[in-house]
Amino acid sequence: MSDDSDHFEFSDQELDDKGHDKIVENVLKLNKVQHVKSPHRTEPTTQISEFNLVKSLSGHQNLVHLNELTKVLKGRKKHVEIANKVKSASGRSKTLPKPLEKPQAERIKRTLNYEKSRLQFDRWEALVTSNRAAPQLIFPLDHVEKLKIIEKKAEVYPSTFRLKSDLQKKLEALEPKSEEYHIDIEEKNEFPLTLEELKEKRKEAAKLRAHQSYKEAKARRQNKIKSKKYHRILRREKIKEKLKEFELLQKTNPEEALKKLDDIEKARAEERFSLRHKGTGQWARNKQVRAKYDKESRKVLAQQLSISRELTQKVKPTDSESEDEGIESSNTSSPTSKQADKNNPWVNGIKPDKDVTDFVSGYRKYWNEVNNVSNENNNNSENANNNESKTANIGVTDGKIKKYKIKSDNKEVKKLEKTMQKKIKKNKSKDADTSQSTSDWEISSLQNELRSSIDVEDVFETLENKLNKKLKQKLMKIKTNSKTKKVKKSTTKKTSEKKKCDLSLPSRNKKQVIDEEMSEQTKNTTDDFNGDNNPDLVTLKNILANKEKCDEPVNINPDKFIKVKQTDLNTAIPDILTIDENEEEVNQRNLIMEAFEDDDIATDFDKEKAEEIEKDTPKDIDLNLPGWGSWGGTGIDSSKRKRKRFIIKMPPKMPRRDENKGSLIINEKAQAKIKPLLVSEIPFPFKSVKDYEASIRAPVGSSFVPETAFRRFIEPAVITKMGAIIEPINKSILMGKKIQI
Amino acid sequence: MGKQTVRYFKKDESIENTEEKSPKKDVLTFDVTRVKKKPWGRRVEDRKISKDKKKVKQKSNPNPKFKGKVKVPEELIEKYSKGEGVDSKGIKTSVHRKRIEKKEKNVKFAIEQAAKTEVLLTECSGFLEADSGETTTQFTQKQIVQNVDISAAAKHFDLRLNFGSYRAKYTRNGRHLLIGGRMGHVAAFDWVTKKLHCEMNVMESVHDISWLHIETMFAVAQKSWVYIYDNQGIELHCIKRLNKVSRMEFLPYHFLLASCSDEGYLSWLDISIGQIVGQYNTHLGRLSVLTQNPWNATLCLGHAKGVVSFWSPTAREPLAKMLCHKAPILGIHVDPSGTYMATSASNRELKIWDVRKLDGPVQEYKLIQAANHLNFSQKRMLALGMGNVVEVYRDCCATAAKRAYLRHRFVTPISNFSFCPYEDVLGVGTASGFTSLLVPGSGEPNFDTLEANPFQSKSQRREAEVKSLLEKVQPEMITLDPTAIADVDIPTLRDKVEAKKNLLYLKPPRINYEPRNKAKGKGGTVKIARNKKIVQEEAKKEFVKKKMELMQEDETIESSKPQKPVHVLDRFLPKVKKK
């Protein structure tokens, strides 16, 4: 790239030096890499590729500035005027901002869509959670009346195109914003189609489709025919047919016929202002070439021109009405406008209220610009329109109409309006005839217009075009501005978020995200015993110590505190002692034992217990080899260092359950046999051991709880009615009234 | 606190009113100004919503005459309560929290319902009350029989049999009686109606007898082996692995027939599958004092050294040993609720222990004559058998009894006795037969028919059998503390957590790569260094992969658990290669 740019620079500096260029080219050829050549313009062409211009535009040096161009025009007076215009225009207008990069624009679009759809989905959130948490759902879920909900999009959507004025916004703020829906209570289709009906329906549909395709094929075939003769004949036939129809209509339905006449007239008018029969077609040109020598062709041409003249001739009004009304009606507007004219307050000379006129004029000004009016006789039709809208508007609230106002555009529009009015006035001044003014609005008579029709038309067209262009530009600007603003905001937000992320990153690294859940559990489990989460052995000891502490009040040897007083029972003395053959000798021994009741048994038991404890405690492992590295033998103790090094100490055993109970030995190994049956993990919704244990504390079975409670415990989560069609959930469940079943 | 389950749209009344005026009635407008702009859940705002939830105000009673539902007394609820519930803060998602809360409500309802049904327990146990200057000990059976109603009087009877000293046992519902004479006489009968099921002489010495889970089967410990008979006296099984059995106990919830032998062996036979679950030599000499703890199904053995040992089928060694007396133990029994244990020794001592804590003694008595036999009734009356005398004590556990409640003297020495469940009857087997004594207030007056039904029909019995088989408790669950099964194994849990934690910090092993000495020119030091790096990287990758697998193992195990059952045609499927 750098090479390229260098190359360009050189070529710019030494433009005339062709030899140098050649040398450079040769050098570049040596490298055998194809470089993109700078665009050369060899021939003057009307179309200049925009791709070639980009390069020069990007650099500031080579820009063609409009001011520089206008400097040249200083010479003449007329040119100075143009230069000033350009200056003022350049002062006013700014270059449009660069459109957003595609990914950025897409991103904005996506975020907007996401937000919108998220809000849509949020409406369901409450319902979904309640359904999920519900102990029992009965399907179909028809506690709600069935509604057919259609958003009133067709009515609301167009208004979104228009920007809202301040007043409008304020008004909206006063009134609660509302979403409107068409809601019909859906009638149940109790008797759906039978099989035969369905078949018939399908058959009909198939027939219709076949017919359609046939017609399509026919039309395609006919469209392909290029023969002019054929087309001419076709057209004539059509006209004839229409005439026939019209005649028929005249007899049967005169009103319809009138309408048709109107249509025909309209068609004629269209033909009139089109350039037909003006001798500009291919046929006419051919004829013109021949006309010099051929009489017939001259004749034909003349005929053609006469036809055109005939067509363009104004049709004399049939009714003899007052002048003003005649002006109004002479245009080729639709009959509705004619009807409206009759009760036109302005035309009838009745002056409306000042407020109303002010408002209407303001509105009118805007309306002119926004609606690109394509009719030539702008004024009149507008007037008619105005009447209509006025009559309509008086009844309706003002707010709706004000909607259309764009505040930012107002100034521009007024300016433009003024210029337009000026021009119109110019026209009028030439032949200041009958013109009626209502408010700021000029209405020039059509007869004047007819005379200067061409001029006025041209002026209007040009004006309209300009207006349209400017309006479009403005709109674009606003749009882009808003977009850019949004983008800026979002970007700033993003950057700030990013910054935050960056700040939090190091701390996040340290956390063990994968094991989050488990760590939480440990916390809880340890919390049950001890606040510490340290996995060290010391803590374990602590834990155990704590546990022991908890148990201590239970384990206190009762012998120490409450010595149960022996009570002598005055039992009966049996006549016969038990004589069991087996037990006889035992009894004998018992007697002896009783006679020498000593503490033998107690000491034996203590010894046993001591042994048991001994067996249970883990012993230290002595890896010391006596005599290895030092003298060994009886009476010689290994050195302290060696003892420290070679004796592996076992962790002290956790205190026994029977430690404080003198006359009890509990076998802890045997107790541990139940361990594999215990749960050693906390299942999902629970955070702590305590909660989980609490959740399984109560029995559920019918033999443990009363029947009524048992029924509640075993309620099925989902009940489906037999044979009922379960339809997917729809919006009516959010909006419909609840039906009590 | 969960999200509020309100409708998304609230109909705006004002708008609706205006709507009615306008001609279009099919258009509803909804106020969306208050619609939240942020997503639902996980935000402070949503939690706030639940705070200003509607508070249910209690309406004042429109009719103060009627107070409404009678509240269940606190003590009763306390009696049936299952302990503290789940703290809903400790549940993870709001949906689960709601579910658990619902379940807690149900538990509470169950407790209340159970407390309410207490009203239905109309029967109450009575007892003998002596006038001033009299004691209940004075009352003889004759006097009692004369003073009770005819149906109760019929429950006192005397069987004079002459096949040696008799042992007697009742079924769990107290309806049927099994007696076995030393000299081979075995009889089973419905003692209330006196209808005999079977009677036979096994032609061998009979050491002990025991009902099995239903009254159609019983086991007899004969001279060398244990036999099982049905209620018609037909021998069903002869279990030779149980030989020289001296005493037998049946654990009804585990379907275990526990027995101790003269040779010092202790064994558990699962009668539902016919297998011996555990058989151990106790190394404690001849065993003849055996009882079961109904609370935790452990066996209690009394030894000559004054020690009582507790056993379960899973352990070779006793679960616990308790030095109860400084003399040989003669009798031992645990009360039906599993709270108290009574032991008697040859040094004329009688002690009551707290068997749940293995603690005590709660009470100590010195008798004039050593008690050979002990038995608790359902209402915690204690019967002592000394020679030919039976004495019954009331309230001897919590408080020290002064004198006997009842006393009965036989002609011949007593060999065994037991209280009849749900009846005020003490059945005593003597050397000359069987006597049924009336002990007012000994039995539980209200019976739970799902548990034990004295008036069980045949079909009910069958159903109960199937149900109890389905609910059979595995022998591994027999421990000193039966509630341990509902606990979480915390040490293992801690270890698991620790292991998982440590896995994260595990470092890949160092690899010392030593390149082969290659010929000159085949590759320089650069290449060697690169190879080394490659080898090390590969090893590291392998290690990380393994680690990840280990970490995910737990989750996969859980997820893979619900597998499809194996189908017959699955064998034709291509075999999955195992890694």
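Of the 579 residues in chain B, 36% are buried, where buried means that 20 or more other C-beta atoms, placed from the backbone, lie within 10 Å of a residue's own C-beta. The structure is a predicted model, in which local features need pLDDT of at least 70, side-chain atom pairs count only at pLDDT 80 or more, and totals for chains, interfaces and linings use all residues. Residues are numbered from 1 along each chain as its sequence is written, and chains are lettered from A and ligands numbered from 1 in the order in which they are written.

Chain B holds nine helices and 29 strands. Helices (H or I, at least four residues) and strands (E, at least two) are DSSP runs, numbered from the N terminus. Among contacts in chain B between residues at least 6 apart in sequence, 48% join residues at least 24 apart; two residues are in contact if their C-beta atoms, placed from the backbone, lie within 7 Å.

Strand β12 of chain B covers residues 256–261, and six of its six residues are buried. In a regular strand the side chains alternate between the two faces of the sheet.

β12(B) pairs with β11(B) and with β13(B); two strands pair if DSSP finds at least two bridges between them. Strand β11 (residues 245–251) runs antiparallel to β12(B) and is joined to it by six bridges. Within this pair, B:Arg247 is opposite B:Cys260 of β12(B). Four residues lie between the strands of the β11(B) and β12(B) hairpin, and B:Phe255 in the turn has a positive phi of about 55°.

Strand β13 (residues 265–270) of chain B is also antiparallel to β12(B), with five bridges. B:Trp268 in β13(B) is the bridge partner of B:Ala258. The hairpin of β12(B) and β13(B) has three residues between the strands, and B:Gly264 takes a positive phi near 90° there.

**The four-stranded sheet of chain B**

An open sheet of four strands in chain B has the order β23-β24-β25-β26, with antiparallel pairing. Its edge strands, each pairing on one side only, are β23 (373–376) and β26 (406–409). Neighbouring strands of this sheet are turned by 15° against each other on average, direction ignored; axes are lines fitted to C-alpha atoms, for helices over the stretch in contact, and angles run from 0 to 180 degrees between N-to-C directions.

In strand β25(B), five of five residues are buried. One side carries B:Val389, B:Glu391 and B:Tyr393 and the other B:Val390 and B:Val392, all of them buried. Strand β24 (residues 382–386) of chain B is joined to β25(B) by five bridges and runs antiparallel to it. B:Leu382 has B:Tyr393 in β25(B) as its bridge partner. Two residues separate β24(B) and β25(B) in their hairpin, and B:Gly387 in the turn has a positive phi of about 60°.

β25 (residues 389–393) of chain B also pairs with β26(B), in the antiparallel sense, over four bridges. B:Glu391 is partnered by B:Arg407, and B:Val392 stands opposite B:Leu406.

| Hairpin | Residues between strands | Turn residue and phi |
|---|---|---|
| β11(B) and β12(B) | four residues | B:Phe255, about 55° |
| β12(B) and β13(B) | three residues | B:Gly264, near 90° |
| β24(B) and β25(B) | two residues | B:Gly387, about 60° |

An open sheet of five strands has the order β6(A)-β22(B)-β21(B)-β20(B)-β19(B), with mixed pairing. β6 (566–568) of chain A and β19 (329–334) of chain B are the edge strands. The twist from one strand to the next averages 20°. β6(A) runs parallel to strand β22 (residues 359–366) of chain B, with three bridges, and A:Asp568 has B:Lys366 as its bridge partner.

Helices of the two chains also meet. The axes of helix α6 (residues 102–133) of chain A and helix α4 (residues 94–116) of chain B come within 8 Å and cross at roughly 40°. α6(A) is therefore oblique to α4(B); angles under 35 degrees count as roughly parallel, over 145 as roughly antiparallel, 65 to 115 as roughly perpendicular and the rest as oblique. The contact is made by A:Thr129, A:Arg132 and A:Ala133 of α6(A) with B:Ser94, B:Val95, B:Lys98 and B:Arg99 of α4(B).

Note on methods. A residue is buried if 20 or more other C-beta atoms lie within 10 Å of its own, exposed if 12 or fewer, and partly exposed in between; C-beta atoms are placed from the backbone.
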